[in-house]
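Biologist: I have a model open and would like to learn how to read it. Could you take me through it step by step?

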Amino acid sequence: MKQTSSAKDIHKLISTAGLLIIDALVLSEIIAARNKEVPTLSILLQSANLKKEIENSWQYIIKKINYQPVLQIALDVLRNMSASPTLDKQLRNLVELAYDMASSRVLLRHDLFGRIYHRLLLGELVKYYATYYTSIPAARLLARLLVNLPSTLDAKDVPPKYGGEPLRVVDFACGSGTLLSAVYKELDTLHRISSERLRIDELHKYLIEEGLWGFDVLHHAVHLAATVLFLHNPIPVDKSKLYALRLGDGDGRYLGSINFLTSPKLSGDMVLAGQIAGGIEEVSV
Amino acid sequence: MLAELLADKGLRALGEVILRKSRGRPEPDVLIDLNGVRIVIEGKKPGMWNELVRQCEERLDDNVCDLCVMVEYVNFEKLLNERLFPDQSYIKKFLLKGVYNIGFMSYIARVGLDRWLGLPVKYEKYENVGFDDLLAYLMTAYNKVVGEDVIGPVIAEMKKVLDEFAKNTAPMVNVERLKETLELREREDETDE
């Protein structure tokens, strides 16, 4: 028998939905700066039917530009909410908050979404997912040790090399991306200090598209991780290596990253959302 | 040279210092990594304060550093007048006895906290200070950067807006459908126990 969610859990669930909407709004504002067909948040706020305009805008970005893995879940959340004057008023508050956040590039680099998500962890609703938030100081310490302890890591050029091979960092339970974000910051700093010729944008593109891998069984957490990484340097990227993985499915075949213990292949059926570009990929475990 | 002196005379007491000198524009003059906090020092001759401010804003917005130090060499002319080709030891002595107008701008000033706090956050400026004061102010600015929970007010405001959103929209949200959208599934108990 299914257990009924408590009022507190419902509150957390809807707050999390709101967080995903804010997150997607911030992202769409950044995309709007480079694409005149995408309305800015100021333009959206002028609309009489805000919900519909936001949905149209995100749909356009997904179809014509990209960012489907990041925007689709927020679009689905919004579509599942019934239109009403109350929702319209509340959405306006979210848009205004997103507007203030998006106007500070410096602010966006501080894992805001991860920190607020930590406060909203969904209690009973995610009890069986064993969610645990990695604190920012702990993530920073781990990342500093990983990047700065003596090793063959070389970040002078792009891609950074480890043992002569292009560097890849994998977090098998990445959640909202706190640890991957800390690793990003350390690699960025190391490149700035050691490189003869700075290639900051290329480094960002490599890290997002190839270098930083993340898996989790919570789709919305992966969505937040993708945004957190993208916002370090909001330039266009073509893909990411963040995947929401299946868990359960009746016969217990899917156990998220634990499946890599039996095979290092990331097969299409393991992935809950997003696509595996170029077929099956191999993951070093 | 100034960065090396700052490192030797005090910064190393705070932790590991890595210096990276400019290899040409648009890079900063000097980048110091102090325990993971990136500090840029930008120096100019007198009369170029506004250019220093603009440059520091750019460094912080471009994520080059967490703290930018603006240094205006007040008695720069004296250096030029006394020696046509000053050697390293002369420059070192000159810097240690130098007079500076200095400013510290951290990422905190660029976060736009005035939106959240209602108070303007400005950079700090000190005029006609000596080398020891420059070092002391720099160490204070570093401690402020690592010690302040600058994001706290933003998180509090986000929490407030999200609480209100959840409270007001709860009656019109289909919880089961939202759980499905977020792909959250609860375990189904096999018995009623």
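Biologist: Which element gives the most to the lining of the largest pocket?

Modeller: Start with the general idea: rolling a probe the size of a water molecule over the atoms shows where empty space is left. In this predicted model, helix α9(A) gives the most to the lining of the largest pocket, namely 6 residues.

Biologist: Which other elements supply at least two residues of that lining?

Modeller: Both chains take part. From chain A there are α7 (112–120) and α8 (136–148) alongside α9 (178–194), and from chain B there are β3 (37–44), α7 and α8 (152–169).

Biologist: What is the volume of the largest pocket, and which residues lie nearest its centre?

Modeller: The volume is about 970 Å³. Of the 38 lining residues, those nearest the centre are His110(A), Ile136(A), Arg140(A), Lys185(A) and Tyr107(B).

Biologist: How many residues of each class does the lining have?

Modeller: The lining of the largest pocket has 16 nonpolar, 12 charged and 10 polar residues.

Biologist: Now to helices. What span should α7 of chain B have, at 1.5 Å a residue?

Modeller: Helix α7(B) runs over residues 131–147, and its 17 residues should span 24 Å. The C-alpha atoms at its ends are 24 Å apart, which agrees.

Biologist: And which residues of α7(B) are buried?

Modeller: They are Phe131(B), Leu134(B), Leu135(B), Leu138(B), Ala141(B), Tyr142(B) and Val145(B). Looking down the axis of α7(B), you find these buried residues within an arc of 125 degrees, so they line one face of the helix. The general idea is that an α-helix has 3.6 residues a turn, so residues three or four places apart point the same way.

Biologist: Which exposed residues does the face turned away from the buried side carry?

Modeller: On α7(B), that face carries Asp132(B) and Gly147(B).

Biologist: Let me try a single residue. Is Tyr254(A) buried or exposed?

Modeller: Compare its relative accessible area with the cut-off: buried means under 20%. Tyr254(A) has 6%, so it is buried. You will find Tyr254(A) in strand β7 of chain A, residues 254–255. Its C-alpha atom is separated by 9.1 Å from that of Asp269(A), 15 residues apart along the chain.

Technical notes
Residues are numbered from 1 along each chain as its sequence is written. Chains are lettered from A and ligands numbered from 1 in the order in which they are written. This is a predicted model: local features need pLDDT of at least 70, side-chain atom pairs count only at pLDDT 80 or more; totals for chains, interfaces and linings use all residues. Side-chain values use heavy atoms; hydrogens and water are left out. Helices (H or I, at least four residues) and strands (E, at least two) are DSSP runs, numbered from the N terminus. The expected span of a helix is 1.5 Å times one less than its number of residues. Buried means under 20% relative accessible area, exposed over 50%, partly exposed in between (1.4 Å probe, protein chains only). The arc is that of the directions from the helix axis to the C-beta atoms. On a 1 Å grid over the protein atoms alone, a cavity is a set of points where a 1.4 Å probe fits but cannot get out, and a pocket is an open set with protein on both sides within 12 Å along at least five of seven lines; lining residues have an atom within 4 Å of a point. Grid points are joined across faces, edges and corners, and a volume is the space filled by probe spheres set on the points. Ala, Val, Leu, Ile, Met, Phe, Trp, Tyr, Cys and Pro count as nonpolar, Asp, Glu, Lys and Arg as charged, and the others, Gly among them, as polar.
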